[in-house]
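Subject: Structure handover

Hello,

Here is the structure for you to look through. Please open it beside this email and follow along.

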Amino acid sequence: MKERKEMKVVAHRGYSGCYPENTMLSFQNAVKQHCDEIELDVQLTKDGKVVVIHDEKVDRTTDGTGNVRDFLFKDLEKLNASNVWNGKHPFQHIPSFEEYCEWAATVPVVTNIELKTGIVYYEDIEQKTVDILEKYGLMKKVMFSSFNHCSLITAKRIAPSIPVGALIGDTGIVNAGFYCEKYGFEYYHPSYKALNDVAVAELKVHGIELNVWTVNGMAELEMLHDWGVRGVISNYPSVCRHYIDGWK
């Protein structure tokens with residue numbers, strides 16, 4: 001049997017395939033499925049509160065409408081983040097990042113924090129996020145990722161010890177390993193569609209590890225396992241966990 005490196009199971013917005021994404025319910029159930037890491041997204045409210053939500057608008061995932069940046073936190077947390085599940089799950093609020101961190105300090109998972117600064121560049125979100133991590137003693141249990149690589153450079157300047165990953169879409173970057181090494185990014189976080197044998201080999205030459213999104217199909221999961229990537233970011237962490245455990 002071919003020997004394969006064990007991959008990390010990264011729960012995409014928590015256990016988002018079965019629970020409302022980026023909610024405490026989703027995170028808690030991801031841990032119950034023995035994920036290694038949780039991926040989540042942070043943005044800022046009108047009053048500067050770091051909150052956990054993916055979209056810049058609340059429309060898709062809640063019963064509200066409007067931009068996250070236009071809500072006070074006290075109003076944002078009144079929205080139902082399980083609205084799209086049509087009553088399958090009880091009311092879920094949009095959590096503050098501080099609420100998440102208080103909980104994360106009690107469980108054995110690493111958190112992949114996506115800084116959502118690609119469309120709205122939230123003022124000082126990197127510093128605000130690091131301040132909360134320091135408060136809860138999580139500096140050694142996290143990484144940053146972002147499609148805005150300037151945000152990663154900023155985060156690295158504030159907290160050099162926290163590893164960062166360059167998020168990239170379906171097309172990827174040619175010479176991604178060279179790029180990540182040049183700017184001090186420990187990880188490369190592409191769509192699985194952006195990878196091939198040549199791209200993976202180039203990344204390995206430069207010592208850059210891969211965390212790949214969003215992996216929900218078995219063919220993709222096995223392909224990435226063959227390549228020996230560091231982690232797979234999936235909406236279904238339980239499926240990934242069973243697959244990887246089957247190779248032990």
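Below are the notes on what was found, element by element.

This is a predicted model: local features need pLDDT of at least 70, side-chain atom pairs count only at pLDDT 80 or more, and totals for chains, interfaces and linings use all residues. Residues are numbered from 1 along each chain as its sequence is written, and side-chain values use heavy atoms, with hydrogens and water left out.

**The core**

The largest nonpolar core has 70 residues. Such a core is a set of buried Ala, Val, Leu, Ile, Met, Phe, Trp, Tyr and Cys residues joined through side-chain atoms within 4.5 Å. Buried means under 20% relative accessible area, exposed over 50%, and partly exposed in between (1.4 Å probe, protein chains only). The residues with the most contacts inside this core are Phe97, Tyr100, Leu133, Phe144 and Leu224. Helix H3 (residues 97–104) gives the most to it, with five residues. Helices (H or I, at least four residues) and strands (E, at least two) are DSSP runs, numbered from the N terminus.

Take Phe144. Leaving out residues up to four places away in sequence, Phe144 touches a list that includes Ile113, Leu115, Leu133, Leu152 and Val164. Contact means heavy atoms within 4.5 Å.

Strand E6 (164–168) is mostly covered: five of its five residues are buried. Val164, Ala166 and Ile168 lie on one side, Gly165 and Leu167 on the other.

E6 runs parallel to E5, joined by three bridges. Two strands pair if DSSP finds at least two bridges between them. The chain goes from E5 through H5 to E6, a right-handed β-α-β crossover. Right-handed means that, with the strands pointing away from the viewer, the path from the first strand over the helix to the second runs clockwise.

E6 also runs parallel to E7, with four bridges. The chain goes from E6 through H6 to E7, and this β-α-β crossover is right-handed too. As for facing residues, Ser146 stands opposite Ala166 in E6. Gly165 stands opposite Tyr187 in E7.

**Asn148 and helix H5**

Asn148 is in the loop between E5 and H5. Asn148 is buried, at 17% relative accessible area. Gly118 is 30 residues away along the chain, yet the two C-alpha atoms are separated by 5.0 Å. Beyond its neighbours within four places in sequence, Asn148 is in contact with Thr117, Gly118 and Tyr121.

Two polar contacts involve its side chain. These are pairs of N or O atoms within 3.5 Å; within protein, one must be able to donate a hydrogen and the other to accept it, and residues adjacent in sequence count only if both atoms are side-chain atoms. The backbone oxygen of Thr117 lies 3.1 Å from a polar side-chain atom of Asn148. At the start of H5, a side-chain oxygen of Asn148 comes within 3.0 Å of the backbone nitrogen of Cys150.

The buried residues of H5 (149–158) include Leu152 and Ala155. They pack against E4, H4, E5, E6 and H6.

**Helix H7**

In H7 (residues 197–205), Val200, Glu202 and Leu203 are buried. They sit on the same side of H7, because they cover an arc of only 160 degrees around the axis. That arc is taken from the directions from the helix axis to the C-beta atoms. On the other side, Asp197, Val198, Lys204 and Val205 are exposed. The buried residues pack against H6, E7, E8 and H8.

Asn196 caps the N-terminal end: a side-chain oxygen lies 3.1 Å from the backbone nitrogen of Val198. Gly207 follows H7, with a positive phi near 70 degrees.

Best wishes
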